[in-house]
Amino acid sequence: MGLIKIRKNKTMSSLYTNSDSNKQKTWLLMAGFFVFIIIVGYIFGSAMGNSNIIYIAVIISILMSFFSYWYSDKIVLSMSKAKEVDHDSNRELYHLVENLCITAGLPTPKIYLINDSAPNAFATGRDEEHAVIALTSGLLQKLDKAELEGVIAHELSHIGNRDILLATVVTVLVGLIVLLADWFRHFTFFGGRKKSSNEEGGGQLQIILMIAAIVLSILAPVFAYMMQFAISRKREFLADADGALLTRYPEGLARALEKISRDPEKLEVANRATAHLYIASPFKEKSRGISFLTKAFMTHPPVEERIAKLRGLG
């Protein structure tokens, strides 16, 4: 009995360390993102002879993201054909979510059910007061209570950690870089760029900046998406750790991830735009033996890595 308690304490300690580490890595990635944008903006602005272009791109990106931030939950729920579940229609599920919310110190989110036999779940909403948890009917049918608690705790951790807000900010940053790259290519190849006096005089610095900007206009969006996916993967690890701490039973979530990943059914309502929201990739992608480059463009960490960390093996 004492040995089991020691092992449990070691596992929970490992999860606390994992949680703190992923928070630090996420914010380091965010800081790197901002620095990257400053560098990209400076090079594009200098090469185009118009340093104000970055301010225009920032304003447009924010306006484009404003709508998605306020209404993305309704859009996603509509795309997923999710229906709201109230206390009377499924008391057991409602009480399960409610009890975990009390433990986590969160208001109870709205609960939605997706009529799909593939087990999966996601959380959305702009803040804790407007949060939503959506579960598939297959998840309720194929998971036991401990496993279901693990999944719900994971999604509540996304809400508590404000991952939805972070994802929105990252989307704005990625959109900004893509806009800058598109604008630069348009101005360069369609003659919209004004030549500076230095360039007209054959300034070497201007030529170097132009070459660097052309290369960057191609590679910058790729790097931006890689950083976005890296942040997404770190937040999944963080939600796993915090969810396990909430239930005090990491094995429940580990077993749930095993069942979800091994289930042969594909989630019919999922698409590339919503796939990153789910607790596990809904497309049943193979994660064993993947290359570094392939992993860099994955929105979720390999399930095997997540399970290993939850079981104290990572």
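In the predicted model, strands β1 and β2 (residues 110–114) run antiparallel and are joined by four bridges. One of the residues involved is A82, whose bridge partner in β2 is I114. The two strands belong to an open sheet of four strands with mixed pairing, ordered β1-β2-β4-β3. The edge positions are taken by β1 (82–85) and β3 (121–124); each has a single partner strand, so one side of each lacks a neighbour in the sheet. On average, and with direction ignored, neighbouring strands of this sheet are turned by 30 degrees against each other. In general, the strands of a sheet pair through backbone hydrogen bonds, in either a parallel or an antiparallel manner.

Across the chain, the secondary structure amounts to eleven helices and four strands. The chain has 314 residues, of which 46% count as buried. Of the contacts between residues at least 6 apart in sequence, 73% join residues at least 24 apart.

Helix α8 covers residues 204–247. Its 44 residues should span 64 Å at 1.5 Å a residue, and the end C-alpha atoms are 62 Å apart, which agrees with that expectation. R248 counts as partly exposed because its relative accessibility is 39%, which falls between the limits of 20% for buried and 50% for exposed.

Most residues other than glycine have a negative phi. R162 is placed in the loop between α5 (145–160) and α6, and its relative accessible area of 41% makes it partly exposed.

Helix α6 comprises residues 163–189 and includes D163. D163 has a relative accessibility of 8% and therefore counts as buried, the cut-off being under 20%. The side chain of D163 forms a polar contact of 2.6 Å with the side chain of H158. When neighbours within four places in sequence are left aside, the residues in contact with D163 are S157, H158 and R235.

Conventions. Residues numbered from 1 in each chain as written. Predicted model: local features only at pLDDT ≥ 70, side-chain atom pairs only at ≥ 80, totals over all residues. Heavy atoms only, no water. Buried < 20%, exposed > 50% of the residue type's maximum accessible area, 1.4 Å probe, protein only. Polar contact = N/O pair within 3.5 Å; in protein donor to acceptor, adjacent residues only side chain to side chain. Contact = heavy atoms within 4.5 Å. Pairing = 2+ DSSP bridges. Axes fitted to C-alpha atoms, helices over the stretch in contact; angles between N-to-C directions. Expected span 1.5 Å × (residues − 1).
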